[in-house]
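Subject: Structure handover and notes

Hello,

Here is the structure I said I would pass on. Please open it alongside this email, and my notes follow below.

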Amino acid sequence: MGFEPGRVVVHRNVRRGRVGWVRPARVVSDDERGLLLWVAEGTPVAGEVNEAGLGMRAVPFREWLTPTYRLAQGRWNGPPLLKFLPTGAAHSVWWFRDVRGRFAGWYVNLEEPGVRWDDGGLAGVDIVDQDLDVWVRPDRGWEWKDEDEFVERLAFPEHYWVTDEAAVRAEGKRVIALAEAGVFPFDGTWCDFTLPPHWTAPDRLPEGWDRPPVR
């Protein structure tokens, strides 16, 4: 299932059968290496919140466990973002820029491989974010990210979507080795990506953004 460059698709995180967050993105390329997406600044997004309107990271995980959730809409307030989902890999790589638009580093998001869907009018890819991440600086030095949250949530195996801590850490170490070696995608590829001038952020979330997950 290939996506045409320029098409708007939705990149979604799924948590135990629920949609956790939704980010519309433009397809930059889609080939044997994987799917490359562009999230524009100000893009309409949605994220799961509890009854009090708080996101998962705003409360201890034990307080997050509630039968009442909803998806709150908002805007992507981060910098313009490239996301690369390598074919069949248990991670994605995100290119971050600073406020001046200069490349700032790679964010390695550890996740279960994406599952694609296409309803005709709208298509997307659903992943399961495994929470532990790696930040890789332009000089290819690195550090783990969100390790405290990862460990906290592992203490609730009956509720947490990560079932194999060792596999997540092993994938992180495998990608770290690629970064240290300076090989693709940490070889400078796409660090100077230029957005086509006619690509703008959508006005609203596309119809069908909240369809049931495929995972």
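First, a definition: on a 1 Å grid over the protein atoms alone, a cavity is a set of points where a 1.4 Å probe fits but cannot get out, while a pocket is an open set with protein on both sides within 12 Å along at least five of seven lines; lining residues have an atom within 4 Å of a point. Rolling a probe the size of a water molecule over the atoms shows where empty space is left. For volumes, grid points are joined across faces, edges and corners, and the volume is the space filled by probe spheres set on the points.

This is a predicted model, in which local features need pLDDT of at least 70 and side-chain atom pairs count only at pLDDT 80 or more, while totals for chains, interfaces and linings use all residues. Residues are numbered from 1 along each chain as its sequence is written, and side-chain values use heavy atoms, with hydrogens and water left out.

The cavity

There is one cavity of 30 Å³ or more in the structure. The largest cavity has about 70 Å³ of space. Its lining is made of 13 residues, and Arg26, Trp38, Ala40, Thr200 and Pro202 are the ones nearest the centre. Two or more lining residues come from each of β2 (18-31) and β3 (34-39); β2 gives the most, with three residues. Helices (H or I, at least four residues) and strands (E, at least two) are DSSP runs, numbered from the N terminus. By type, the lining of the largest cavity has ten nonpolar residues, two polar and one charged. Here Ala, Val, Leu, Ile, Met, Phe, Trp, Tyr, Cys and Pro count as nonpolar, Asp, Glu, Lys and Arg as charged, and the others, Gly among them, as polar.

The largest pocket holds about 730 Å³ of space. It is lined by 32 residues, and those closest to its centre are Arg15, Trp21, Arg23, Arg57 and Trp76. The elements that each give two or more residues to this lining are β1 (8-15), β2, β4, β5 (69-75), β7 (91-97), β8 (103-118), β9 (123-136) and α2 (147-154). With five residues, β4 gives the most to the lining of the largest pocket. Twelve of the pocket's lining residues are nonpolar, eight are polar and twelve are charged.

Aromatic rings

A pair of aromatic rings is described by the distance of the centres and the angle of the planes. Rings of Phe, Tyr and Trp (its six-membered ring) pair if their centres lie within 6.5 Å; planes under 30 degrees apart count as stacked, over 60 as edge-to-face and the rest as tilted. The count by this rule is 16 aromatic pairs. In one of them, Phe84 and Trp190 are tilted, with 5.2 Å from centre to centre and 55° between the planes. This pair links distant parts of the chain, 106 residues apart: Phe84 is in strand β6 (residues 81-86), and Trp190 is in the segment after α3 (165-181). Both Phe84 and Trp190 are buried (under 20% relative accessible area; exposed is over 50%, partly exposed in between, with a 1.4 Å probe and protein chains only). Phe61, Phe156, Tyr160 and Trp161 form one aromatic cluster.

Two charged side chains sit over rings, meaning that NZ of Lys or CZ of Arg is within 6 Å of the ring centre and within 35 degrees of the ring normal. Arg23 is over the face of Trp21, 3.8 Å from the ring centre. Lys83 has its charged end over the ring of Trp94, at 4.3 Å from the centre.

Backbone and loops

Phe184 and Pro185 are joined by a cis peptide bond, with omega about 5°. Pro185 is in the segment after α3. Arg140, in the loop between β9 and β10 (142-145), has a positive phi near 70° although it is not a glycine. Asp146, in the loop between β10 and α2, also has a positive phi, about 60°. Is Asp146 buried or exposed? Asp146 counts as buried because its relative accessibility is 18%.

Gly42 lies in the loop between β3 and β4 (44-50). Gly42 counts as partly exposed because its relative accessibility is 23%. Gly42 touches Arg75, Trp76 and Ala201, leaving out residues up to four places away in sequence; contact means heavy atoms within 4.5 Å.

Regards
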